[in-house]
Amino acid sequence: MLSLYEATHLSMHGEDILDEALAFTRAHLPALATNSSPHLAKHISDALEQPFYTGVPRLETLKFIPFYEHDESSNETLLKFAKLDFNKVQTLHQQELRLVTSWWKDLNLISEYPYSRDRVVELYFWSVAEYFEPCYSGARVMLTKILMLYI
């Protein structure tokens, strides 16, 4: 039922069946959560608060890995690769953030324009939300730099 609830958020305007399915699942999932195991109940309540497809993919991955770890049917090899991939991409994000931060400090705009804001991490996170795949490293760095100069 949770998968159906998540799928209904991908509906297009005019898909009445999916709209009905959304109403049905939204009405029945809270009761299902109370009768489930604690980690499944948390997963259901998180999904009801913010569906998977509307969230930031990196944060959704961070929430899903511990849930999958407690699942009885989890694949240990897949779980190990997921954790390894997450940590590898996290290291890439740290390197990119280090690059953008040093660029921002080299510009020294804070001393010249005291009203400018020092929001490197926040704006980098915006770019991670937009370009979450590792192959878009250059796009994340460029978008962060543009946002730093614009905002």
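# Notebook: burial, aromatic rings and a pocket

**Entry 1: Leu59.** I began with Leu59, which is partly exposed at a relative accessible area of 39%. I found Leu59 in helix α4. I then looked up its distance to Ala129, which is 70 residues away along the chain. The C-alpha atoms of Leu59 and Ala129 are 9.0 Å apart.

**Entry 2: the model.** I noted that this is a predicted model. I looked up the confidence next. The protein chain has an average pLDDT of 92, and 100% of the residues reach at least 70. Which element has the lowest mean pLDDT, and which the highest? The lowest mean, 81, belongs to helix α6 (residues 109-112). The highest, 96, belongs to helix α5 (residues 76-107).

**Entry 3: Glu60.** I went back to helix α4 for Glu60, which also has its place there. Is Glu60 buried or exposed? Its relative accessibility is 7%, so Glu60 counts as buried, the limit being under 20%. Leaving out residues up to four places away in sequence, I listed what Glu60 touches: Gln50, Phe52 and Gly55. I also looked up Gly14, which is 46 residues from Glu60 along the chain. The C-alpha atoms of Glu60 and Gly14 are separated by 28 Å.

**Entry 4: Thr144.** I moved to helix α8 (residues 137-150), where Thr144 lies. Thr144 has 0% relative accessibility and therefore counts as buried. What does Thr144 contact, leaving aside its neighbours within four places in sequence? I wrote down Val100, Val120, Leu123, Tyr124 and Ser127. With Ser127 there is also a polar contact between the two side chains, at 2.9 Å.

**Entry 5: aromatic rings.** How many aromatic pairs does the structure hold? I found five. One of them joins Trp103 and Trp104, with 6.1 Å from centre to centre and 45 degrees between the planes, and this pair is tilted. I checked Trp104 for burial: its relative accessible area is 5%, and Trp104 is buried. Why is the pair of Tyr131 and Tyr136 called tilted? The planes of Tyr131 and Tyr136 stand at 55 degrees, and planes under 30 degrees apart would count as stacked and over 60 as edge-to-face, so what lies between is tilted. The ring centres of Tyr131 and Tyr136 are 5.8 Å apart. I looked up the accessibility of both residues. Tyr131 is partly exposed at 31%, and Tyr136 is partly exposed at 38%. I also noted one aromatic cluster formed by Phe64, Phe67 and Tyr68.

**Entry 6: the largest pocket.** I looked up the largest pocket and found about 380 Å³ of space in it. Its lining has 17 residues. Which of them lie nearest the centre? They are His43, Asp46, Lys63, Phe64 and Phe67. Three helices each give at least two residues to the lining: α1 (2-8), α3 (38-49) and α4 (57-69).

**Entry 7: Asn108.** I ended at Asn108, in the loop between α5 and α6. Phi of Asn108 is near 55 degrees, which is a positive value in a residue other than glycine. Asn108 is partly exposed, with a relative accessible area of 40%.

How values were computed. Residues numbered from 1 in each chain as written. Predicted model: local features only at pLDDT ≥ 70, side-chain atom pairs only at ≥ 80, totals over all residues. Heavy atoms only, no water. Phe/Tyr/Trp six-rings, centres within 6.5 Å; stacked < 30°, edge-to-face > 60°. Buried < 20%, exposed > 50% of the residue type's maximum accessible area, 1.4 Å probe, protein only. Helix = DSSP H or I, 4+ residues; strand = E, 2+ residues; numbered from the N terminus. Polar contact = N/O pair within 3.5 Å; in protein donor to acceptor, adjacent residues only side chain to side chain. Contact = heavy atoms within 4.5 Å. pLDDT = per-residue confidence, 0-100. 1 Å grid on protein atoms, 1.4 Å probe; cavity = no way out; pocket = protein on both sides within 12 Å on 5 of 7 lines; lining within 4 Å. Points joined across faces, edges and corners; volume = space filled by probe spheres on them.
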